[in-house]
Amino acid sequence: MKPTLKKLYAWVDERLELQDLIKFMAKKYVPVHSHSIWYYFGGVSLFLFIIQVVTGILLLMYYKGSEELAFESIQFIMSKVAFGWLIRSLHSWTANLFILTTMIHMFSVFFEKAYRKPRELTWLTGMLMLFLLLGFGFTGYLLPWNELAFFATKVGTEITGVVPIVGKPILQFMRGGDDVTGATLSRLFGFHVAVLPGIFTVLLGAHLLFVNRQGMSEPLHYAETPEKERKTMPFFPNFLLRDMLFWLIVLNVLAILAVFFPWELGTKADPFASAPAGIKPEWYFLFMFQTLKYIPAQIGFIDGEVLGVLVFGAAGFLWMMVPFWDRQSSRGERNRFINYIGLFVVMYIILFTIIGWLA
Amino acid sequence: MSDISDPHVQQDKRDFLKFALVGGTFAWLAAVIYPVLSYLKPPKQAEVVVNSVKAGKIADFANDSGSIIKFGTKPVILIRNPKGEFKAFSAVCTHLECTVQYRKDFGMIWCACHNGKYDLNGRNVSGPPPRPLDEFRVTVQGEEVSISKLS
């Protein structure tokens with residue numbers, strides 16, 4: 001190190017005791033085993049989050065969140081602003097990839113039972129972040145104020161409206177009135193750029209703190225192998241460099257997608273036009289959308305829609321609470337039942353997404 | 001005068017302070033939360049009550065077609081069946097509020113969002129819609145077609 005840099009380092013070290021931090025970093029090890037690949041999906045999700053923050057802020061420089069101007073401002077970004085098309089395409093593509101990588105991350109944690117004691121809170125903060133991501137997807141989708149977004153928002157908010165008792169007030173709260181109007185755009189814009197990022201950042205901080213405090217989770221089979229046979233790799237620099245290589249690959253994939261498959265803008269929303277044929281939600285809502293199509297209007301005395309929403313809500317809640325009811329995994333015992341549930345859910349989501357896609 | 005070192009007096013004082021503190025905290029919370037919740041509740045805006053609108057001339061609507069007409073802030077679908085008769089319904093699907101359209105090929109009113117179908121009397125005949133579409137009255141005076149609420 002150059003003397004000036006050394007001096008600067010000594011100055012900061014004297015005040016913040018960086019030595020301890022470096023010692024901590026140097027002691028961090030990542031277990032190496034046949035399932036190690038799944039460790040990379042958390043890191044890459046973090047990388048995609050950073051891209052979203054940066055491209056999101058850039059879009060904010062030109063975006064105008066009102067009924068009259070939203071669509072036109074994105075047209076302006078895409079056709080007049082230098083590299084505007086790239087920034088907007090990146091933001092849209094990253095959003096989709098982000099949800100995909102967090103889903104992979106979540107399911108890998110689920111199947112490895114990495115949520116088991118003592119990592120219940122890490123799982124809980126992660127699940128909350130995943131729900132927030134879906135919220136980001138939903139709120140961000142309306143911002144271009146195009147035809148598809150207009151009806152997606154109508155349907156999405158109307159679905160919450162069917163929930164007994166709390167549904168109606170929540171619907172009004174989200175729409176800023178009884179209908180999807182400019183007021184809805186203002187609200188969802190506020191959620192998308194202020195409320196959700198604020199909460200998300202706090203959860204992300206906690207999530208990362210927990211991971212660092214507890215270290216990487218070891219799968220059950222790894223924990224059972226004798227200590228001498230367990231392989232590890234230093235986090236710094238070995239694991240971090242591999243992490244960053246993966247980030248670089250993902251960045252390239254993103255660049256290819258954004259350049260060769262630029263995100264479409266569609267036609268401006270018109271509250272007095274019929275819903276266009278072939279209208280579909282984004283892929284990550286497709287399995288729920290497809291299920292709702294199959295539920296009959298009435299099941300016994302209950303509305304089909306209400307039943308569907310309540311069942312999805314309950315399933316999501318149970319899923320989030322898995323560390324608290326899967327006691328077997330917490331005791332270090334194998335629990336095949338969890339694998340069957342996980343497999344069923346994965347197959348259900350994949351099957352209904354494909355049917356929804358083809359329909 | 002009571003003795004300050006009397007344990008009963010001290011306990012009374014503590015209880016009072018606790019009560020004041022907890023009560024004060026709750027009152028303060030209520031004083032913050034109530035205005036915030038009220039603020040978030042969208043105010044009722046006076047809407048012009050529309051009872052009837054002019055849809056256009058008879059010649060504007062071909063036989064076997066449907067058009068969306070602005071009825072105040074809500075869309076209404078005006079159907080002219082193959083025989084040339086007019087019918088009008090609320091265009092808001094009773095399922096999840098998408099705007100419906102007329103499908104010539106089915107001879108039905110169709111919602112693209114979840115494949116809901118209504119017959120030309122507005123009755124929900126297939127798919128998820130739970131109720132028929134609300135009907136509107138169509139009156140033809142001379143060449144002029146108007147739509148009004150069924151009262």
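**Helices, strands and the chain contact**

User: What is the orientation of α5(A) and α11(A) to each other?

Analyst: This is a predicted model, in which local features need pLDDT of at least 70 and side-chain atom pairs pLDDT 80 or more, while totals for chains, interfaces and linings use all residues. Residues are numbered from 1 along each chain as its sequence is written, with chains lettered from A and ligands numbered from 1 in written order. Helix α5 (residues 84-112) and helix α11 (residues 235-260) of chain A pack at about 125 degrees, where angles run from 0 to 180 degrees between N-to-C directions of axes fitted to C-alpha atoms, for helices over the stretch in contact. Under 35 degrees counts as roughly parallel, over 145 as roughly antiparallel, 65 to 115 as roughly perpendicular and the rest as oblique, so α5(A) and α11(A) are oblique.

User: Which residues of α11(A) does α5(A) meet?

Analyst: The axes of the two helices are 9 Å apart. Contact here asks for C-beta atoms, placed from the backbone, within 7 Å. From α5(A) come A:L86, A:S89, A:L90, A:W93, A:T94 and A:L97, and in α11(A) they meet A:L254, A:L257 and A:A258.

User: What is the orientation of α5(A) and α6(A) to each other?

Analyst: Helix α6 spans residues 120-142 of chain A, and its axis lies 11 Å from that of α5(A). Residues in this contact include A:F98 and A:M106 of α5(A), with A:W123 and A:L130 among those of α6(A). The packing angle is about 155 degrees, so α5(A) and α6(A) are roughly antiparallel.

User: Is α1(A) buried or in the open?

Analyst: Helices are DSSP runs (H or I, at least four residues; strands are E, at least two), numbered from the N terminus. A residue is buried if 20 or more other C-beta atoms, placed from the backbone, lie within 10 Å of its own, exposed if 12 or fewer, and partly exposed in between. Of the 14 residues of α1(A), zero are buried, so α1(A) lies largely in the open.

User: How many Å apart are the end C-alpha atoms of α1(A)?

Analyst: Helix α1 covers residues 3-16 of chain A. The expected span is 1.5 Å times one less than the number of residues. That gives 20 Å, and the model agrees, because the end C-alpha atoms of α1(A) are apart by 20 Å.

User: Which strands stand at the edges of the open sheet of chain B?

Analyst: Four strands form this antiparallel sheet, in the order β5-β6-β7-β8. Two strands pair if DSSP finds at least two bridges between them. Each edge strand has a single partner, so one side of each is left without a neighbour in the sheet; these are β5 (101-103) and β8 (124-126).

User: Which residue of the hairpin of β9(B) and β10(B) takes a positive phi?

Analyst: Strands β9 (residues 135-141) and β10 (residues 144-149) of chain B pair in the antiparallel sense over six bridges. One of the facing pairs is B:F136 opposite B:K149. The hairpin has two residues between its strands, and the positive phi, near 65 degrees, belongs to B:G142.

User: Which element gives the most to the side of chain A that touches chain B?

Analyst: The contact takes 26 residues from chain A and 20 from chain B. On the chain A side, α7 (147-161), α8 (167-175) and α12 (283-294) give two or more residues each. The most, five residues, come from α7(A).

Terms used:
Contact = placed C-beta atoms within 7 Å.
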